[in-house]
Amino acid sequence: MSTGLGSKIKELRKQKKYTLDKLAELTGSSKSYIWELENKSPPRPSADKISKIADQLGVTIEYLLGNKEHITVEDAVDARFYRKYQNMNAKTKEKIRDMVNIWDDD
Amino acid sequence: MMTKKMTPHTWAFNITGILNTICLNSDIDRFPVDVAAIAKEYSKQIDPDDPITLVKGEVLDNFDGGLYKAPPHKKGWGIIYNNTIESQGRINFTLAHEFGHYLLHRKNIPEKIECGSNKLIRWDSTYGQIEHQANVFASNLLMPLDDYRQQIDPARKVNFDIIGFCTERYEVSLIAATLRWIEFTECRAAIVVSRDGFILWGRASDSAYKSGIFFKTVSQTIPLPDGSLASHIDLNGMVNQRQTMELTEKVWFKEPCEETVIFSENYDFVISLLQFESF
């Protein structure tokens, strides 16, 4: 499961039309490291490398790391069980809350 | 209420037995499984005070589905899902997955989800476990092995057309149907899912696994082998198309195999089906 960080890097990389090789070359990382960031959520990504990646992608480190990287406790109690909840936008979340409140069963 | 310890398999097995009986004595189609109707009816039977009372789809971006406790003025639980996902198979699997959470986890997991974000790792592993259990339930409910074995002889080599037929029968995704086939086939086969030239994960059949065919994708990042079909196909030209190639012994696991590849644009990954010679 990719993290918020991984999705962001991938999206920005595609926008810039960079291949994995290209972004690796520009940031002094290996191709497999960039792929891991995008797809495998390594627990402690190197700050130095994230900083270089942010530079090349034209965003800040704060944007890449953001606070939506993990499911918060608040999110976790909101839905007892969920799939892909951590990437959900505010609109979707609100819509689901409404659906739960109305509970339009037949 | 059932008192013995129920596993994902036993829950699915029980429901499968009931569905077999009902469909034998009526003109209701046995497959695909109507998860929404069954979830409501079955939950009412086993726990009338706490059943599934709502199964509802909506336009919900970046979301597959979830199981929710009813608000105070209503009773039971509800499955809410994204009905705009293009693959009906994936929707069906999501519904079965959430139904699995209801059966397996509704009574004990909420109390367990109480650690703070600083204990995320432990929480994550519980999360991984319950997700796996819900998937096992869904797979067993939607694709009972006794029926699947009648569709595909376990000793038979397959292709994506044959598995594709089963995806329609069970209304599941190609990956779900292939993984289920991998569980019972007697052939030496494996499925490899890759993205951008690296392996996301792979799963081998029993007989393949015993002969040393497996992938350590958790601890390692493994590139697709040079010469593999998945590593050099032109993805732009083959969305949802399939290609097959006989490969020599130097590509996958140092032995010859047949690799069939399909590219799923929606999910941005390449599925390789590897079939090795029998011993």
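**Close-ups of a predicted complex**

View 1. Follow chain A along its sequence and you get the pattern α-α-α-α-α-α-β-α. That comes to 7 helices and 1 strand. This is a predicted model, and the predictor gives the complex an ipTM of 0.77 and a pTM of 0.84.

View 2. Chain A has 106 residues, and 39% of them count as buried. Look at its contacts with a separation of 6 or more: 49% are between residues 24 or more positions apart.

**View 3. Helix H1 of chain B, side by side.** The buried residues in H1(B) are Pro8(B), Trp11(B), Ala12(B), Ile15(B), Thr16(B), Leu19(B) and Cys23(B). They sit on the same side of H1(B) because they cover an arc of only 130° around the axis. Turned away from that buried side is the face with the exposed residues Phe13(B) and Leu24(B).

View 4. Chain B has a mean pLDDT of 86, with 89% of its residues at 70 or more. Confidence within chain B is highest in helix H2(B), residues 35-46, at a mean of 97, and lowest in helix H4(B), residues 109-112, at 45. Over residues 111-124 of chain B the pLDDT is below 50, and this stretch has 13 contacts in the model beyond near neighbours in sequence.

Methods
Residues are numbered from 1 along each chain as its sequence is written. Chains are lettered from A and ligands numbered from 1 in the order in which they are written. This is a predicted model: local features need pLDDT of at least 70, side-chain atom pairs count only at pLDDT 80 or more; totals for chains, interfaces and linings use all residues. Side-chain values use heavy atoms; hydrogens and water are left out. Buried means under 20% relative accessible area, exposed over 50%, partly exposed in between (1.4 Å probe, protein chains only). Helices (H or I, at least four residues) and strands (E, at least two) are DSSP runs, numbered from the N terminus. The arc is that of the directions from the helix axis to the C-beta atoms. pLDDT is the predictor's confidence in each residue, from 0 to 100. Contact means heavy atoms within 4.5 Å.
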